[in-house]
Amino acid sequence: MSLSDAEILNEFLKDHPTIEIFEVILPDINGKLRGKWIERKNIKKVIKGGLKLPLTAIAFDIWGRDPSSWVYQSGDEDGVCITDIRTLSTVPWLTRPTAQILMSLNNFDNTPCAYDVRNILKNIMTRFDKLGLSAMPAFEMEFSLFENEDDELGQPVHSQLSSSGVNAGQTYGLECMQDMSEFMHGVRDAAQAQNLPIDTLITEAAPSQYEINLYHQPDALVAADQALMLQRAIKGVAQQLDLRASFMAKPFADLSGNGMHMHCSLLDKDGNNAFDNGTDEGNELLQHAIAGCLATLEDCMLIFAPHLNSYRRFKEGSHVPMTPTWGYENRTVALRVPAGSHEAMRIEHRVAGADANPYLVATAIIAGMLYGIENKLAAPEPITGNAYTQIKPSLPSTWLESIEHFKQSTFIKEYFGAEFQRVFSTTKEQELEEFTTKITTLEYETYL
C-alpha cells in the first residue's frame, strides 16, 4: 500500500531534521520559478492545500510583471497551490539546510487552472490514456557555462578558453570535461540527491557549451519535472562555484545556440513500444505520430521558440531545423528517428531551444503525436541527405509571426485550451512590446 502525502512528508522530516526552509515552487508559463519560502513548522499546512497564490502568478511575463491587459478583470483572484509529493527533495547546493517541492495551481473552487503548465500536460496524458497509450519522453539539455562577471561591453565571458583563437568547443572533448570536473561532479551529486536520473554529460560545439541528458520516463509529467529541476540544479551548482549557467538560446551570434531536444516513444497498455513492428522503419502508428508533429510544428513555434532571442538560433548549417521535415538517422531534419534497437523506436524532436518551457515542449510534442494518430495523418517521404539544401525554410522566422500563428491556431485551442491560448499569447505580446519600444545601444552608436 502506498504512503499518503502526509506520511511521506513525515518520513522526510524525520530523515532531514536540520531542514529550515522549504521552497515551494510554482512553474509559470515561461518556465520561471515562482513561489514562497515556507518555515519548517508550516510545511504540513501547505501539503494539505493551505497555500494560496494569485492565479496571475503563473502568467507573469519574463520580468515577473502582471499580465497588464487582464490582471484586474477578475479582481486578481487567488488560486490554491497543490503540491506534488514526488518532487520533494533537498537543495544540496545551498549553504543553509533547504528543501523544495513543486506545485500546480488550481482555481479557488479546486478545479485545475486552465493555464497552469503542469495541468495542461496532465490533460494531454489523460487523452493518451483513453487510447491505451502513454508517452515516454527524455530531455537533452544544452547550456552555456560562463564566468560570473561580464566583460566591459556587458557580454558574457567564456569559462572555457581556446588557446588557438578558434571559436570551437571541442565537442565530446574529455579534457574539457576534466577542466570543469568540479562543476560536473557537483551537478551529478545534486542530481543524485534530487533523484534526477542523469544519463550522459558532454561538451558541445561552442566554447563553454555543455549538454546533460536525462533518462526516459514512462510519465511525461515526471520527465518535465525532472527537466525543470535539472536546469535549476545546473544553475545552482554553477552559482556555488562562482560561475553562471545560462539556457539562453543564442548567447553569441557566431556560435552554436542552446537547444532542448526531446526523445519520445509511445508505450501500449502492456508496456511495449507501440512504434515497434520488428523493422527499422517502424509501423503505421509511428508515421501518424510523425505526421501530426509536422502538421502542428508551425502553430507550436511560439512554444519551441518563446523569446526574442530564440529566433537567432535558427540558422542554416547549425543543426537547427527551419522546415517541418523528418528522416531516419538524420540530424538536418526537425524530427529524427534514431537508429538502434527496435524496442527503443522513438522520435527525436529537434526544434525547441533551451529557453523553452519543458512542460509546454512536452505537451506540444505529445499533443502533435496525438493529433496525427487521432486523424490518421500520413507522413511525407523521409528526407535523406542534407535537408537544408533540399527544402526552403518555411517555419515562422520571427517572434511576431509565431505569436500570430499561435493566436489563430485551432490545434492550440483544442489541445491546449482557449484560456491558455489567450493567456500565453497575451503575455508574449506584452514582452514583445517592451522590446519594440526600447532604444538599443546599437541604435545610439549608429545614429546618434
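Predicted model: local features only at pLDDT ≥ 70, side-chain atom pairs only at ≥ 80, totals over all residues.
Residues count from 1 along each chain as its sequence is written, and side-chain values use heavy atoms, without hydrogens and water. Local features need pLDDT of at least 70, side-chain atom pairs count only at pLDDT 80 or more, and totals for chains, interfaces and linings use all residues.

**Exercise 1. Check the length of helix H9 (residues 358–374).**

Step 1. Helices are DSSP runs (H or I, at least four residues), numbered from the N terminus.
Step 2. The expected span is 1.5 Å times one less than the number of residues.
Step 3. H9 has 17 residues, so it should span 24 Å.
Step 4. Its end C-alpha atoms are 24 Å apart, which agrees.

**Exercise 2. Describe the ends and the cover of H9.**

Step 1. Start at the N-terminal end. Asn 357 caps it: a side-chain oxygen lies 3.0 Å from the backbone nitrogen of Tyr 359.
Step 2. Go past the other end. Lys 376 follows H9 and has a positive phi, near 50 degrees.
Step 3. Judge the cover. Of the 17 residues of H9, 15 are buried (under 20% relative accessible area; exposed is over 50%, partly exposed in between; 1.4 Å probe, protein chains only).

**Exercise 3. Work out how H3 (residues 117–129) and H9 pack.**

Step 1. Two packed helices are described by the angle between their axes and the distance between the axes.
Step 2. The axes of H3 and H9 come within 9 Å and cross at roughly 25 degrees. Axes are lines fitted to C-alpha atoms over the stretch in contact, with angles from 0 to 180 degrees between N-to-C directions.
Step 3. Angles under 35 degrees count as roughly parallel. H3 and H9 are therefore roughly parallel to each other.
Step 4. Name the contacts (heavy atoms within 4.5 Å). H3 residues in the contact include Ile 120, Leu 121 and Ile 124; H9 residues include Leu 360, Thr 363 and Ile 366.

**Exercise 4. Is Lys 45 buried or exposed, and is Lys 428 buried or exposed?**

Step 1. Lys 45 is in helix H2 (residues 43–47). Lys 428 is in helix H13 (residues 418–436).
Step 2. Lys 45 has a relative accessible area of 57%, so it is exposed.
Step 3. Lys 428 has a relative accessible area of 0%, so it is buried.
Step 4. List neighbours. Beyond four places in sequence, Lys 428 is in contact with Asn 30, Leu 302, Pro 306, His 307, Trp 399 and Ile 403.

Definitions and conventions
Helix = DSSP H or I, 4+ residues; strand = E, 2+ residues; numbered from the N terminus. Polar contact = N/O pair within 3.5 Å; in protein donor to acceptor, adjacent residues only side chain to side chain. Parallel < 35°, antiparallel > 145°, perpendicular 65-115°, else oblique.
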